[in-house]
Amino acid sequence: MGFETIHLEKGMYRESGKSFTQVLESLDPSENYTGTALEGTDAYQRQLKRFDIRARGAYSDAVEKFFRTSQSSVLFPEYIARAVRQGMEENNILPKITASVSTIDSMDYRSVYAATAEEDKLLADVAEGAAIPATEVKSKSNLLKLNKRGRMLVASYEAIRFQKLDLFSVTLRQIGAYIQQMHLADAVNVLVNGDGNDNAAETLTIGTSPISGTKGTLSYKQLVEFWAQFEPYTLGTFLMGSGAMLQMLSLPELQNPATGLNFQGTGTLTSPLGAELLRASCVADGTIIGLDRRYALEMVQAGEVSVEYDKLIDRQLERAAITSISGFGKIMTPAAKVLVI
């Protein structure tokens, strides 16, 4: 079949606007394998089969299997990138707090926003022949900041050449998890402090109007008062650290049988207000972030996970960088608010 005759080379990682797998797919389209034993595989997986490299399971091969030939070694950086991406996707809560994801091919990005003054939200009656009220969409004043987050892979080829790929993947997934935690911290920072365009979240403090109670305490009434501040948006997600989560879960309203059965049956925590509870260690102690994820945050990423493929292909693993570039921007500022306990 076609995948067995493709010539693999470093240059396949350098094609502008395409990932390594996309380059392979253009040479070996997956649709050609419909109805065959290889249906459901992508072009990269077919290359692993070509060189008889088993990357998963109890009988996975050692790292050195990638370096048996000069062509099979070209597959190693993509193996690294895929394992890191898997770690980033495991327990990733960013999809639960972002409304939109944009992929760009540059380091500069300027988002847009719509006017949100009260008069702009009204759907006023329009008399015959009169002008229809307009909502103006503008470019933000400042560029959105993109952050390059990554980890350094520090290992000699001699140290890992006999390591089984299945176990080596665990270390790579952990690197991905660390990178994802840094991206989440960036997202939380933008939700709270804004993206540099004068759009920090409104901060409400317990014991200060319009939130009743005594500072340092949390009750169901205060959560309802916080929920009421979101109209016309809907508070659908709570994001908080472990301390605030413990206070939230100690509320009598969260200990009713229906909530308990839902948590025990699905592992999903929901609040009495119907909002999802998410825990993130990067949220400041004593702080709860509430948001309408449909309108609050945009994620911008510059390509996929990047690895120093030259070093990896040439077995120069010492200090090979694995990086991911992303940034976050506010969409509708009132769609996210902060409650200080």
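Modeller: Let us begin with lysine 10, which lies in the segment before H1; please keep in mind throughout that this is a predicted model.

Biologist: How far is lysine 10 from phenylalanine 20, going by the C-alpha atoms?

Modeller: Those two C-alpha atoms are separated by 9.5 Å, and the residues are 10 apart along the chain.

Biologist: Switching topic: how many residues does the largest nonpolar core have?

Modeller: That core has 42 residues, and the ones with the most contacts inside it are Phe66, Leu75, Phe76, Tyr79, Ile80, Val84 and Ile322. Several elements give two or more residues to this core, including helix H1 (20–27), helix H2 (43–50), helix H6 (165–193) and strand E11 (320–330).

Biologist: Which element gives the most to this core?

Modeller: That is H3, with seven residues. As a general point, nonpolar side chains in soluble globular proteins tend to be buried together.

Biologist: What surrounds Phe66, then?

Modeller: Not counting residues up to four places away in sequence, phenylalanine 66 touches Tyr44, Leu48, Ile53, Ser72, Ser73, Leu75, Phe76, Tyr79 and Leu165. Apart from this core lies another one, of 24 residues, and among them are Leu94, Leu191, Ile289 and Met299.

Biologist: Now strands. Why is E9 described as largely enclosed?

Modeller: Strand E9 covers residues 297–302, and five of its six residues are buried, so the rest of the structure largely encloses this strand.

Biologist: Which strands does E9 pair with?

Modeller: Strand E1 (residues 100–104) runs parallel to E9 and is joined to it by five bridges, with isoleucine 104 standing opposite alanine 302. Five bridges also join E9 to E11, but these two run antiparallel, and glutamine 301 has serine 326 in E11 as its bridge partner.

Biologist: What about the sheet that contains E5, in which order do its strands come?

Modeller: This is an open sheet of five strands with mixed pairing, in the order E5-E12-E8-E6-E7. Strand E5 (202–205) and E7 are the edge strands, each pairing on one side only, and neighbouring strands are turned by 25 degrees against each other on average, with direction ignored. Within the sheet, E6 and E7 pair in the parallel sense over four bridges, where threonine 237 has glutamate 276 in E7 as its bridge partner.

Biologist: And which helix lies across E5, E6, E8 and E12?

Modeller: That is H7, which runs at about 155 degrees to E12.

Biologist: Last one: where do the buried residues of H8 sit around its axis?

Modeller: Helix H8 (residues 242–249) has Ala244, Met245 and Met248 buried, and because they cover an arc of only 105 degrees around the axis, they are on the same side of H8. The buried residues of H8 pack against helix H7 (220–228), strand E6 (237–240), strand E7 (276–279) and strand E8 (287–291).

Terms used:
Residues are numbered from 1 along each chain as its sequence is written. This is a predicted model: local features need pLDDT of at least 70, side-chain atom pairs count only at pLDDT 80 or more; totals for chains, interfaces and linings use all residues. Side-chain values use heavy atoms; hydrogens and water are left out. A nonpolar core is a set of buried Ala, Val, Leu, Ile, Met, Phe, Trp, Tyr and Cys residues joined through side-chain atoms within 4.5 Å. Buried means under 20% relative accessible area, exposed over 50%, partly exposed in between (1.4 Å probe, protein chains only). Contact means heavy atoms within 4.5 Å. Two strands pair if DSSP finds at least two bridges between them. The arc is that of the directions from the helix axis to the C-beta atoms. Axes are lines fitted to C-alpha atoms, for helices over the stretch in contact, and angles run from 0 to 180 degrees between N-to-C directions.
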